[in-house]
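Hi,

Here is the structure I promised to pass on.

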Amino acid sequence: MSCKLWLALSVWLLLPTSEAGRQMPKLADKKLCADSDCSHPILIARALQDYYPGDCRFIPIRQGQLIYVYAMLKDRGNLFWAGSVQDSYYGQQEARIGHFPSSVVEETHPLMPASTEVKTTKWDFYCN
């Protein structure tokens with residue numbers, strides 16, 4: 001019996017711990033977008049500094065990178081935006097949409113007004 005317990009405990013300890021496939025806490029209940037699907041970018045921003053994400057809801061950003069912003073989270077004073085990073089060489093980085101603090105970027109090119117309020121869903125904050 002103790003051998004089976006030891007084996008089960010060993011296997012459990014070796015399993016990777018990951019946030020993937022988990023529902024993470026919501027950062028906001030609403031977001032501002034250019035359209036109801038949040039499929040059009042609102043603006044292009046440039047990273048003022050490096051940002052290292054705390055969990056899988058966020059994207060890493062390097063100073064100088066361009067970010068296409070698709071949504072501005074509305075609760076808590078627009079502290080977080082959602083977007084994708086454009087690397088200096090297309091294809092160098094896998095395209096991924098995630099959140100980042102609005103304080104680490106500067107707006108460089110407005111594209112469309114963020115005039116559509118959309119409720120966030122659990123999928124906005126799901127780690128896959």
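Predicted model: local features only at pLDDT ≥ 70, side-chain atom pairs only at ≥ 80, totals over all residues.

**Strand β4 and its partners**

Strands β3 and β4 run antiparallel and are joined by four bridges. Strands here are DSSP runs (E, at least two residues), helices are DSSP runs too (H or I, at least four residues), and both are numbered from the N terminus; two strands pair if DSSP finds at least two bridges between them. Six of the eight residues of β4 are buried, so the strand is largely enclosed by the rest of the structure. Buried means under 20% relative accessible area, exposed over 50%, and partly exposed in between (1.4 Å probe, protein chains only).

**What you are working with**

Residues are numbered from 1 along each chain as its sequence is written, and side-chain values use heavy atoms, with hydrogens and water left out.

The pLDDT (the predictor's confidence in each residue, from 0 to 100) averages 80 over the protein, and 72% of the residues reach 70 or more. Watch residues 5-20: pLDDT stays under 50 there, and the model has six contacts beyond four places in sequence for that stretch. A contact means heavy atoms within 4.5 Å.

**The overall picture**

The protein has two helices and nine strands, in the order α-β-β-β-β-α-β-β-β-β-β along the sequence. Of its 128 residues, 35% count as buried. Among contacts between residues at least 6 apart in sequence, 68% join residues at least 24 apart. The accessible surface (Shrake-Rupley, 1.4 Å probe; for residues, only the protein chains shown count as cover) is about 8500 Å², and carbon and sulfur atoms account for 58% of that.

**The disulfide**

How many disulfides does the count come to? One, taking a disulfide as a pair of cysteine sulfur atoms within 2.5 Å. Cys33 and Cys38 form it, with their sulfur atoms 1.9 Å apart. The torsion about their S-S bond is about 75 degrees, so this disulfide is right-handed. Cys33 is buried at 0% relative accessible area, and Cys38 is buried at 12%.

**Arg57**

Is Arg57 buried or exposed? Arg57 is buried, because its relative accessible area is 11%. Its side chain makes a polar contact with the side chain of Asp55 (2.6 Å) and reaches the backbone oxygen of Pro25, also at 2.6 Å. A polar contact is a pair of N or O atoms within 3.5 Å; within protein, one must be able to donate a hydrogen and the other to accept it, and residues adjacent in sequence count only if both atoms are side-chain atoms. Leaving out residues up to four places away in sequence, Arg57 touches several others, including Met24, Leu27, His99 and Phe125.

**His109**

His109 lies in strand β7 (residues 105-110) and counts as partly exposed, at 46% relative accessibility. Its side chain makes a polar contact with the side chain of Thr108 (3.0 Å). Beyond four places in sequence, His109 touches Leu43 and Ile44. His109 and Tyr68 are 41 residues apart in sequence, with their C-alpha atoms 9.6 Å apart in space.

Cheers
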